[in-house]
Amino acid sequence: MADIAATPGGGGGKMSLTVKVLLGMVAGLILGVIFNMIDSTFINTHIAGGLFAMIGKMFVNALKMLVVPLVFFSLICGVTGIGDIRVLGRVGGKSLVLYIFTTGLAISIAILLALIVGPGKGFDMTGVDTSGVTGKEAPSVWDVFASIVPTNPVAAFANGDMLQVIFYTVVLGIAVLMLGGKSKPFIEACEYMNEVMMKVVTIVMAFAPIGVFCLIAKTFTEQGIELFVPVLAYVFVLVFALFLHLFVTLMIILKVFSGLNPIIFMKKMRPAQIFAFSTASSNATIPVTLRSVTKRVGVDNSVASFCVPFGATINMDGTAIMQGVATVFLANVYGIDLGLGGYITVIAMAVLASIGTAGVPGVGLVMLTMVLSQVGLPIEGIALILGVDRLMDMIRTAVNITGDAVVSTIVGKQEGKLDMAVFNDPDAGVMDDDDLEMDEEAERDLAQYAKPH
């Protein structure tokens, strides 16, 4: 994936993909704000709600199209690349513990910060429309873990149920290892398909600036600044907590557990963060995150192929922060004192819910209904934050995927599966238009293959 600097060599001042995406995002933001101020029915219906929505959805769908086959082939290569089932268990165990730790830490910090600031105190609920807000029953811990095993692997792949896909693929990979030499043709085929899928990622990324422009323009056309005024304290505390976790907590964890330079890491992960912000979906960002973690950061595919999709499914630091701030905010609005026991319940529920829900846009509100129901807060209060949730969702998704990358990097470093030369090279994995061109050797091979025999 591209970094912010222009690609070195050959192109001189050639613009990297990330610069194009950033320009698309800024242009979309400016145009969206202008369109929102104009407030034209034609613009809202046919431009933002029509053209921009269509192109943006096509781009997100294209990213989602890559997820299941990319995870499958990459994970098969990762499992067979590790070669030792005990090492695979160690990688899985470390990543699970770290993901639960970061999620629990994230929501604890958010609750503490919200309790200090006290958003929602003295809020007047008069005139707030609470219709249409429905709750969702929290799953038991037993149901969460039982559902990891798919009854029908084909259905799991078709529905994009990532935990089930990961479970089945890991089991399949272990079976392939157990067959030994007989598996060589299958492994080679999967390695080839993994390369093909990474090239498809490159093709889809070429359209990223347009897709990001449309997604951001549509969002800011629909979201007016007046939505933020009633819940300004909530927005302030949430954004501050998200940034605190992103730039301080996660970076301290990275430094302590891996000894790596957080500044270099953040520069390398900027492209994935931009895509996460624009799509508001951890799952849709998996292809970009996986490419950034392997090609830019230098984590070996044998670790990244497991940790990244696993994290996109169960690691929701940003979403947990939102739940913590929202719970304190709504408790203050309704004048309910949850007490220490109530907030401990919120932390436990948030961690459990993050494992049992998918990384798709808006899932945070679904998880929040579970948490509120568990501690006895009226779920109708969610109506207060509905208007600003889309923009908040974009920020917290960027936090989510950064957490995935941090854990993947830590595990890779501890397992000796991190290429420090790649990590320290600012130009490693930089992608521009040249990546879409066929190299000379491939062109000769294709020409030879195309000749009549």
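E415 and K94 form a salt bridge, their closest N and O atoms being 2.9 Å apart; the term denotes a side-chain nitrogen of Lys or Arg within 4 Å of a carboxyl oxygen of Asp or Glu. Because E415 lies in the loop between α16 and α17 and K94 in helix α3, the pair ties together parts that are 321 residues apart in sequence. Helices here are DSSP runs (H or I, at least four residues), numbered from the N terminus. The model is predicted: local features need pLDDT of at least 70 and side-chain atom pairs count only at pLDDT 80 or more, while totals for chains, interfaces and linings use all residues. Residues are numbered from 1 along each chain as its sequence is written, and side-chain values use heavy atoms, with hydrogens and water left out.

E415 counts as buried at 15% relative accessibility, whereas K94, at 24%, is partly exposed, as is R90 at 40%. Buried means under 20% relative accessible area, exposed over 50%, and partly exposed in between (1.4 Å probe, protein chains only).

The structure holds four salt bridges. One of them joins the side chains of R396 and D393 (3.4 Å, N to O). R396 and D393 are three residues apart in helix α16, so about one helical turn separates them. Both R396 and D393 are buried.

The N315 side chain makes polar contacts with the side chains of D404 (2.9 Å) and T102 (3.3 Å). A polar contact is a pair of N or O atoms within 3.5 Å; within protein, one must be able to donate a hydrogen and the other to accept it, and residues adjacent in sequence count only if both atoms are side-chain atoms.

The nonpolar residues remain to be described. A nonpolar core is a set of buried Ala, Val, Leu, Ile, Met, Phe, Trp, Tyr and Cys residues joined through side-chain atoms within 4.5 Å. The largest has 129 residues, and Y234, F265 and I385 have the most contacts inside it. Helix α2 (residues 41–82) gives the most to this core, with 16 residues. A second, separate core of five residues includes I43, F52, C214 and A217.

Definitions and conventions
Helix = DSSP H or I, 4+ residues; strand = E, 2+ residues; numbered from the N terminus.
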